[in-house]
Amino acid sequence: MSQHTNTEDTIDLKELFFSLIAQWKLIALCIILSLIAALLYLRTTPDTYSVNALVQVEENKGASAALLGDLSGMIDQKQPAQAEIEILKSRMVLGNAIQKLNLDIVINGKENGFIHRLFYPHSYRSEYSEHNVQFHDDLKHFNVRQFEVPKEYLNQPLDLRFNHHKFILTNPKNDQVLYEGLINQNAQTNGLWKITIFTQDQLSDHYTIQKRSLPAAVDRLLQDLSVAEKGKLTGILGLNLQGEDKHHITHVLNEILVAYNRQNVERRSAETAQTLKFLDEQLPELKGKLDVAEREFNTFRQKYNTVDVTKESELYLSQSIALETQKTQIEQTVAEASAKYTSEHPVMQQMDAQLSAINNKITELNNTLKQLPDLQRRYLQLYREVEVQQQMYTSLLNSYQQLRIAKAGEIGNVRIVDTAVEPISPIKPKKLQILILAIFLGGFLGTLLALLRNMMRSGVKDATQIENELDLPVYATVPRSPIQESRIKHLKKKKAIPLLAVKDSDDIAIESIRSIRTTIHFALNEAKNNIIAISGPSPEVGKSFITTNLGAILAQGSKKVLIIDADMRRGYLHKYFNQDTVPGLSELLLDTASKNEVIKNTELDSLFFLSRGKSPSNPSELLSSQKFKDLLDELSPEYDHILIDTPPILAVTDGVIITQYAGVNLLVARHAKTQIKEIEITISRFEQAN
């Protein structure tokens, strides 16, 4: 039992392979259909091109670095590449390029569907420039120099058609005329509509034109544009733009680079200008404070001539000047940083802590200063004020000059490494890859369908299956031959079917039928008569083919053989012998024809044929009558073998009636078509009829 189960669960790879070979036509058909679909796709899909560019984002030190000194490294940080990627995708950059090239105006052919591209291809192309959009339709073209529509018609495709010297815009939803204008004339103000179209051609086709809003135009451009950093923390950004027109996408990507570089320079220039404005306000004020301090110090010196300064006073003076200078610098840094950070930011808190520490030191020095003699103390205060104001004014003046020089040579922190270059070959569709993929896909689908068909065929797959499950002997397995394959074609054309045993006696199918002849020889020794009934559970299992060719083989062996077509409903054995159906068996049973009239000669001398005759209304009654039994008893001694081709057993009762009179009954089953259950029921009916 276990061994039998393993046999059922085992997959016979050889049988599976040959079952696929047998269905090569299905697989070939799937490959052909897949190739046709690929060719249609390639015909209707335009080529897509791709252009690339490289941008380097350098470290942004900022214009205020000249003022901040060491603190600039703490406040101004390196701008990450991700921020520049978002700027490149922003409306500030892309919107500038869209408005510069009028990319918000979209024109297409009216008939631009799959069927139209397949059978009536047009060469549609749009050229975008700063002043107009030129649309090409094969050899004709027109220029749209101005196209402004009300807000409710933004992002809505409108129908555009030309009629002699004017153009007409209509709403495709209700065919309402929205605007009419003259060609080759400047737009006449008509509410919010401003449209100007120039052309020298006589245009008859319809087109669709659309004015996109800026957000919609940016979103559409972003579908084809990609920006990514090359590597990690390299600061190199790669831009890629795809489109059907290689000249157009090259122009657009270069315009995006120009807009991006321009805004970067303007941003750096604005920062420098803001810092210069701050210095322009501070320098005069510092200059005035310095003049006042110098006048007071000179007046003091003229009044008291000179004052002896001790070493302790000199140390206090130098410390006081350094602290006041550092305090002023930090206060300016706080003023600069307050525009970027709140008071709770760690940078602001750190600078406030530094100011607090410096103020504490200045307070300690001032307390020390109060302990000095009054004259010496006043001298040190005036001298300190002059030195502090002098150093601050000199420092800011140097920064001012540096910023003036930097503004004159401002180039931004972005460098265009590679501009977009017009591509040569498209990136898609990849025609060779698509065709190869179509072949493999078609082969895969064909193989899958063949396997599914093979799995769905629950019929007999092997002769041993009948022997094991039904305990029936299998006399022979007859393979199919090319001539046998053409049988159905001959039936459709209503031509004679060639007798394979005569036309090609060496065919492998005939060799298998010869083995049946040997088996029948032994079976007839114990049979009640020499009548052999050949039956089948259902139609189209090959019993007619077996009957005719077995009769021919027996006749070739010097036996007198009679073949009777007992399928009076749909029999077609007369086609194998190129005979008429009437008169035949039905006429003989109805006594409308004699035996000599219905039994006909064939191309083999010892082979005779009795056709079915005209289809009667009661074939079952005729076959079950005593007259049919008497006919068989009369013919049996006259022939060595009588072969009867019966109707399908499960379809009608005629077959079971005939088998009662036969000495040997042969049952024909067809590979992968006849079900085991059908054979089992057929055998059951045989047993019921004894």
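In which handedness of crossing, left-handed or right-handed, does α19 pass α20? The close-up views below come from a predicted model, in which local features need pLDDT of at least 70 and side-chain atom pairs count only at pLDDT 80 or more, whereas totals for chains, interfaces and linings use all residues. Residues are numbered from 1 along each chain as its sequence is written, and side-chain values use heavy atoms, with hydrogens and water left out.

**View 1. Crossing of helices α19 and α20.** The axes of α19 (residues 508-524) and α20 (residues 543-556) come within 9 Å and cross at roughly 70°; axes are lines fitted to C-alpha atoms over the stretch in contact, with angles from 0 to 180 degrees between N-to-C directions, and helices are DSSP runs (H or I, at least four residues) numbered from the N terminus. The two helices are therefore roughly perpendicular (65 to 115 degrees). α19 passes α20 in a right-handed crossing, the near helix being turned clockwise from the far one by less than a right angle.

**View 2. Residues between α19 and α20.** Ala509, Ile510, Ile513, Arg514, Ile516, Arg517 and Ile520 of α19 are in contact (heavy atoms within 4.5 Å) with Phe545, Ile546, Asn549, Leu550, Ile553, Leu554 and Gln556 of α20. By class, this contact has 10 nonpolar, two polar and two charged residues; Ala, Val, Leu, Ile, Met, Phe, Trp, Tyr, Cys and Pro count as nonpolar, Asp, Glu, Lys and Arg as charged, and the others, Gly among them, as polar.

**View 3. Crossing of helices α15 and α26.** The axes of α15 (residues 463-470) and α26 (residues 676-688) come within 11 Å and cross at roughly 50°, and α15 passes α26 in a right-handed crossing.

How values were computed: Angles under 35 degrees count as roughly parallel, over 145 as roughly antiparallel, 65 to 115 as roughly perpendicular and the rest as oblique.
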